[in-house]
Amino acid sequence: MEQKLSLLRNIVAYVLFFGILATVIRFAYVVTTIGESCNLYNFCFFKNNVVPQSNPHNHLYASREWDKAVHFYSSIFQDMISKGYLSPHSKSLCVEAPNGHEVFALKKIGVEDSIGIFRKAAKPLVIRGEDDRIPFDDNTFDFIFSGAARIEMSARPFDFASEIVRALKPQGFAVFHVKANDTYSLNSFLELFHSCKLIKVLDIDGFNPSMPYIREIVLKKANHGYRKMPGDDSKNCSFQAHKRELVQKAEPLIEEEPLKPWITLKRNIKNVKYFSSMVDISFKNRYVYIDVGARNYGSSIRSWFMKQYPKQGKSFHIYAIEADKAFHKQYASKKKVVTLLPYAAWVRNETLSFEINDGPAPEKVNKTKNKGRGMGRIQPVKSSRGESNSEVNEIQGFDFAEWLKNTFTKRDFVVIKMDVEGTEFDLIPKLFETGAICLIDEIFLECHYNRWQRCCPGQRSTKYKKHYRHCLELFTSLRKNGVLVHQWW
């Protein structure tokens with residue numbers, strides 16, 4: 001009898017041991033391996049506790065910084081509930097939430113169906129996911145939040161925006177916290193979200209010294225895809241009021257013709273107020289510099305744009321448009337940096353006569369490293385005897401305006417330097433006519449006219465028929481249409 005009781009006690013002990021072991025394994029699997037809240041499968045040792053004690057990020061949850069961030073976001077989301085943008089029943093996503101402050105705050109105020117994504121998981125609040133590849137199906141979430149200026153820091157803001165719109169349900173709300181607070185950046189931001197309606201813009205105080213001021217932007221997804229933006233089909237840039245306001249802050253044009261333009265205009269570059277020094281350009285899809293009449297790589301691409309133009313840390317794709325074959329070879333080693341278009345920018349696609357004037361013979365160009373190479377012009381200058389006084393070649397011209405329209409959009413940030421030996425009086429009107437001018441944010445334009453000659457005091461150049469007043473008219477028309485143009489030398 002005593003042996004039977006001992007056996008029974010052993011059996012009960014083994015059952016209890018394996019029961020406890022199974023319970024511990026199940027808990028560890030649910031909370032640690034799956035990484036969900038402890039309410040998953042209605043199984044939890046710690047009621048209503050969304051932060052398991054075994055979480056490797058547990059030290060964060062007890063810190064003063066954590067409490068401060070959670071308090072801030074809780075207040076933000078409570079306000080969203082009061083405004084009707086969020087409800088306790090909203091399925092919510094926080095994009096680029098490295099520590100999960102935002103997710104914790106949502107759960108704290110009762111929005112239980114919330115999750116965050118970041119490239120490195122911080123379970124159970126944050127799972128692994130990229131901002132340009134959100135790991136959820138289309139039309140999944142009622143509410144999406146992205147804070148801490150994450151969209152500004154993204155290398156692919158257009159893809160970031162597209163993924164948020166894709167994952168958001170129609171009539172759902174997306175809320176962003178950004179640093180940029182100028183009108184230009186707001187318009188650039190909205191151009192990323194063509195299928196959303198702007199609901200609210202509010203400037204608030206931040207909680208973090210790295211972002212003391214925040215611009216809060218609330219968007220609502222439309223029922224049907226694409227939402228037409230003002231000026232989408234317009235050839236008139238007058239709708240770009242935010243750009244015209246910026247132009248008013250630019251350095252004044254030199255209205256009186258300089259007696260020594262080669263000195264005055266070169267000095268004027270020190271007064272230039274660059275576009276990117278006045279506004280935030282973070283919300284652009286691509287960043288582009290186009291050098292029209294580039295000559296050699298060191299002429300203005302390396303010596304000026306690469307070294308002096310303020311890029312706000314953005315990587316610019318560079319296009320060099322140069323018809324003179326003498327300069328083409330040196331671009332062969334720069335293919336990763338520069339895309340060469342070996343043609344002449346023109347108003348249509350056609351074969352042209354291209355003149356190189358006042359320079360050394362072509363065979364001497366390599367010896368002088370192109371420094372003595374004459375300037376190229378589409379219209380040849382004739383001598384008094386009716387013969388060309390310079391080297392003339394046939395080159396291919398291309399429709400510059402159409403190329404711009406087919407290659408770039410208003411979501412791109414486009415900077416152009418144009419030095420085309422008088423052809424600007426053909427190209428600029430065509431840009432206006434086609435609406436391609438609206439794609440350009442900033443131009444550095446050398447305008448060619450019958451300027452005073454350096455060699456011969458009191459004498460004007462006979463190479464160009466235009467006068468300085470024609471140049472001023474050209475600059476003024478560009479600025480009136482919201483294009484920030486600077487006088488180049």
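These legends accompany close-up views of a predicted model. Local features need pLDDT of at least 70 and side-chain atom pairs count only at pLDDT 80 or more, while totals for chains, interfaces and linings use all residues. Residues are numbered from 1 along each chain as its sequence is written, and side-chain values use heavy atoms, with hydrogens and water left out.

**View 1. Cys447 and Cys471 form a disulfide.** One disulfide (cysteine sulfur atoms within 2.5 Å) turns up in a search of the whole structure. Here the sulfur atoms lie 2.1 Å apart. The pair links distant parts of the chain, 24 residues apart: Cys447 sits in the loop between strand E16 (442–445) and helix H14 (468–480), and Cys471 in helix H14. Helices (H or I, at least four residues) and strands (E, at least two) are DSSP runs, numbered from the N terminus. The S-S torsion is about -85°, so this disulfide is left-handed.

**View 2. Helix H12 (residues 400–407) crosses helix H13 (residues 424–434) at roughly 45°.** Their axes, lines fitted to C-alpha atoms over the stretch in contact, with angles from 0 to 180 degrees between N-to-C directions, come within 9 Å. Contact (heavy atoms within 4.5 Å) involves Phe400, Ala401, Glu402, Leu404 and Lys405 of H12 with Leu427, Lys430, Leu431 and Thr434 of H13.
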